[in-house]
Amino acid sequence: MIPQSKALYEIPLITPKSMTRVVAGCLFGRPHGDNLCMFSQPDLSFLPDSPCYLNGEIGPLREARISVLDRGFIFGDGVYEVVPVYGGRPFRLEQHLARLSRSLDEIRIPNPHDAAGWRALIEQLVQANAAHQGREARDIHQFVYLQISRGVAPRDHAMPAGLAPTVFAMVQPLKPVPAAQRVSGVTCVSADDFRWEKAHIKSTSLLGAVLSRQISADVGATETVMFRQGFLSEASSSNVWVVVQGKVLGPPKDHLVLEGIRYGLMAELCQRQGLPFELRRISRAEVMAADELLLSSATKEVLAITTLDGRPVGHGPLAGKPGPIYAQLYEAYQLAKQAS
Ligand code: PDD
């Protein structure tokens, strides 16, 4: 294993002025300290200085450094998780850690921690971030971002053996969905799903998702609802639910969608509310004619789509407004948070 806590290796660097040796792979660098990590130090003072975790150390986010040869940077060769933390309590952590483990297995990175190790790391970081804000963790809502990349190696597509993964975690404030969006729902646009065919892996290779999301961002919409060969897959960073005659439908859990942690939660909430729930292929025509459309994700929770491609979602007096199933599921979601 290559040790990660120290400099990884030295790269001889020839500059026009002089021959210099720059130590690469340092972790928390200071702008003018011994750990010179960048050729010229940009002004990073706009970045948060909240505590983050990098390869066994906790330090200011603004000062965290990884090598440019990290495969996460070079290839997007890594996986991630986004875990909401309400009042200091990670929500559905067990399920997030299980998905992380599945994603790591899929891309053949050894899991750097067991569930207890992850839980301890997350709790420590959540407390440290609350303290950094001068708050108690129980009084604030945050989310944890975890990322594991394959590690640092000379560039080669094939997976090098024996690399120590780069393990990064940060905590950010969990901003609630704006009240106006809760009341009125959100606008979305649709597009072809041009991403790869392993969407079930929560991969940091997110260019497809970025390009997809930008289609909606360009027109001031909240999400891009994607279709693959005429069937609903998901949105760029959310799952999509279709309500037809009181029944909640979702696309099958296969390699074409990320199985959001809210997949299981929606099934539970529907069961508790006595709502029929089914996972099956859903055609574009069914989506366009739905009574209600919903988004779900760690940060959006459950959110009503009220306009799709410029047309109001739903029928009659409820057209273009969040519907009754949304209201029921949103309420049930809040209860699930309180009970966790
Ligand atoms: N995105 N589908 C995609 C493509 C996603 O990126 C996400 C989450 C989801 C919903 O998954 P979950 O319910 O586990 O949050 C579905 C996260 C929030 C993100 O990338 O920031």
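Let's start with D309, which counts as partly exposed because it has 13 C-beta neighbours inside 10 Å. Keep in mind that this is a predicted model.

**Two residues with positive phi**
- D309 sits in the loop between β16 (301-308) and β17 (311-312).
- Its phi is near 50°, a positive value in a residue other than glycine.
- N55 isn't a glycine either, yet it has a positive phi of about 45°.
- You'll find N55 in the loop between β3 (51-54) and β4 (57-60).
- N55 has 19 C-beta neighbours inside 10 Å, so it counts as partly exposed; the cut-off for buried is 20 or more.

**The nonpolar core**
- The largest nonpolar core is made up of 62 residues.
- Among those with the most contacts inside this core are V126, V144, W241 and L294.
- This core lies between domain 1 (45-173) and domain 2 (179-339), because both of them give residues to it.
- Take L294 as an example: setting aside neighbours within four places in sequence, L294 is in contact with W241, V302, L303, A304, I305 and Y326.

**Around the ligand**
- The ligand is surrounded by 14 residues, and the closest are S237, L258, G260, I261 and A298.
- If you sort the residues of this shell by type, you get five nonpolar, seven polar and two charged.
- Helix α6 (261-273) and strand β15 (292-297) each supply at least two residues of the shell.

Definitions and conventions:
Residues are numbered from 1 along each chain as its sequence is written. This is a predicted model: local features need pLDDT of at least 70, side-chain atom pairs count only at pLDDT 80 or more; totals for chains, interfaces and linings use all residues. A residue is near a molecule or strand if its C-beta atom, placed from the backbone, lies within 6 Å of it. Helices (H or I, at least four residues) and strands (E, at least two) are DSSP runs, numbered from the N terminus. Ala, Val, Leu, Ile, Met, Phe, Trp, Tyr, Cys and Pro count as nonpolar, Asp, Glu, Lys and Arg as charged, and the others, Gly among them, as polar. A nonpolar core is a set of buried Ala, Val, Leu, Ile, Met, Phe, Trp, Tyr and Cys residues joined through C-beta atoms within 7 Å. A residue is buried if 20 or more other C-beta atoms lie within 10 Å of its own, exposed if 12 or fewer, and partly exposed in between; C-beta atoms are placed from the backbone. Domain bounds come from an automatic or database domain assignment. Two residues are in contact if their C-beta atoms, placed from the backbone, lie within 7 Å.
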